[in-house]
Amino acid sequence: MHLTDGDLRAFLDQELNPADQERVNTLLTDAAATHQRAETLQGRAAWVGERLAALDPLPTETPITMMAARERLQQRLAEPQKETKMSNMRFARQTRLPWAGLAAVLVLAVALAFPPVRAAATQFLGLFRVQQISVVPVDAENVEQLLGSTSDLEQMLTSSVQVEVLGEMQEVANAAEAREASGMNVRLPAAIAETPQLRVQPGAEMRFNVDLPRVRAVLDELGLSEVELPDSLHGETITVNVSAAVAAAYGNCALDEVSEDLDEINRDCTILTQMPSPSISAPPDLDIAALGQAYLQVLGMTPEEARQFSETTDWTTTLVLPIPRFDTDYQQVTVDGVTGTLIERNFEDGHAPAYLLVWVKDGIIYGLRGVGDGSGPESLEIANSLQ
Amino acid sequence: MTVKADNLSGETARAVPNRLPDFEAIFQQHWGRVYGVLFRLLNDRDQAEELAIEVFWRLHRQAPRHDDEHALAGWLYRVATNLGFNTLRASKRRERYEQAAGEQALASAGSDPADEAERSDERERVRRVLAQMNNRSAQLLILRHSGLSYAELAAVLGVAPGSIGTLLARAEQEFEKQYRAMEGER
């Protein structure tokens, strides 16, 4: 209702009919309250602005000139791109595999290709395909120390492993583009209305050329000399194929951080990653269980513990994820119609807990990570709404 | 691309094409503001410069898809604030800078020591308040104070521009509440 001067004058003189008198009175009261609220908001905004001004750079804290900054950027761009040493990458990630989301699967696939886990013979008929996931709590520092104790390991990896990246990373606009770029049926959660940032990470093929004397030397150094490897392995090549993965980021997160630690995840960021199972060629006559036992011993199990665990594990279909022994809990949950694993990490420094929910369905590995204990309905609701 | 592992230990030169034709204009437009945002987060000139360059390095290497300038700004400031918050968390700078803020400001300014001490106290207090708030609210206040428009803020946070006013009002209210509570403790 628009009030003319005449209306107001009449109102002031109480000359309007009772209904209009009441209506004008309400409007003026509401307007006064609204005006008061606006003043409060304005005052608070100014007050907060004055406080925040304390953070502004002082004259002595201004940055280098734009030209100098551009020059520094140019120098940085001209620098050769630094790649991570294969061995370093493995050691570093070993301590935080669950928190790196499914990008870690790629690294783990390398670990599985490593002789203590798998070796190859002349014919590659047996294939490794992830159908389920088991977790093994490990003392990460001990593992790192053990693997770092052998100088031959690094030499062997650097001289014997070839990595071929199949394509380039792409940011895409929607699930259809992600499907086209990745070659798999990309599922997104209906429970989140927000449009995600989507990134397709390229697949890779890793080849490990077996130098048996060197492998045996590394095993000796690791205290695993009892692992028997057939002589026929020498000179053979193990191939690990990792398909393209799709990461969908919701909330306040940058896709550049998708493959980083869950420790670093933003409070308002949830990331869903999906990728087809990696495959590893393996000879049909290989004693997979024995190699699995060796792998578990590297992860810190006693020979007896490793034997017991290995006996109940199908090493051709099970992805064994090492998780930090301390500050980490895990449990099996029903998710997306299958059994998955919910890993929760608590931090001593006051960070909110972070979770990683992993499951395998129809040959696709899914990982959902976010902040919270993950046991609430939200994470499962998201996971169960994939379509 | 095939990379042999023994070459990974060195440095692999790989030219990455810049897919943004207007990169120079974007750099000129946003450099100062990206630095400002990072400085306000980190309270460290060198670190802020380094991360600001990192932001533009990432932009150059992997230009994001963007339909308009707000979407691009959203990407830039999202990456900047995420890098800033990650750096704070990773190095536990939050606490360290809260303790060191005064000393640094005093050391870096040559004017009246009393004024500078007061300013550094205020800076420390504000940083402490922001550290107690949730990331998104703190991020929103810093970005708005750094001059981002509602459309840019919406792109950073991935929300509708129409909700920014509400979020800002809430964040300011939370800031005031925390600040006054901290004042009461003194």
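Predicted model: local features only at pLDDT ≥ 70, side-chain atom pairs only at ≥ 80, totals over all residues.

In what sense do strand 14 and strand 15 of chain A pair, and over how many bridges? I looked this up first: strand 14 and strand 15 (residues 354–361) of chain A pair in the antiparallel sense, over five bridges.

Residues are numbered from 1 along each chain as its sequence is written, and chains are lettered from A and ligands numbered from 1 in the order in which they are written.

**The sheet**

I then traced the sheet of chain A, which is open, has eight strands in the order 5-6-9-10-16-15-14-13 and shows antiparallel pairing. Its edges are strand 5 (170–172) and strand 13 (328–335) of chain A, each of which pairs on one side only. From one strand to the next the twist averages 20°, where axes are lines fitted to C-alpha atoms, for helices over the stretch in contact, and angles run from 0 to 180 degrees between N-to-C directions. I reminded myself that strands of a sheet pair through backbone hydrogen bonds, either parallel or antiparallel.

Elsewhere in the sheet, strand 9 (residues 245–251) and strand 10 (residues 269–276) of chain A pair in the antiparallel sense over six bridges, and there A:Ala249 stands opposite A:Ile271 of strand 10.

At the other end, strand 13 and strand 14 of chain A run antiparallel and are joined by eight bridges, with A:Tyr330 opposite A:Ile343 of strand 14. These two strands form a hairpin with two residues between them, and in that hairpin A:Asp336 takes a positive phi near 55°. Strand 14 (residues 338–345) of chain A is mostly covered, since six of its eight residues are buried; a residue is buried if 20 or more other C-beta atoms, placed from the backbone, lie within 10 Å of its own, exposed if 12 or fewer, and partly exposed in between.

A:Thr328 and A:Arg345 lie 17 residues apart in sequence, yet their C-alpha atoms are 4.4 Å apart in space. Leaving aside residues up to four places away in sequence, A:Thr328 touches A:Pro137, A:Ile323, A:Ile343, A:Glu344 and A:Arg345, a contact meaning that two C-beta atoms, placed from the backbone, lie within 7 Å.

Next I turned to helix 8 (residues 175–182) of chain A, whose buried residues are A:Ala178, A:Ala181 and A:Ser182. Seen down the helix axis they fall within an arc of 85°, so they line one face of helix 8 of chain A; the arc is that of the directions from the axis to the C-beta atoms. These buried residues pack against strand 5, strand 6 (197–201) and strand 9 of chain A. Just after helix 8 of chain A, A:Gly183 takes a positive phi of about 80°.

A:Asn185 sits in the loop between helix 8 and strand 6 of chain A, and it is exposed, with 12 other C-beta atoms within 10 Å. Its C-alpha atom is separated by 9.4 Å from that of A:Ile364, which is 179 residues away along the chain.

**Confidence**

Last, I checked pLDDT, the predictor's confidence in each residue from 0 to 100: chain A averages 73, and 68% of the residues score at least 70. Over residues 81–127 of chain A the pLDDT is below 50, although this stretch has 143 contacts in the model beyond near neighbours in sequence.

Technical notes
Pairing = 2+ DSSP bridges. Helix = DSSP H or I, 4+ residues; strand = E, 2+ residues; numbered from the N terminus.
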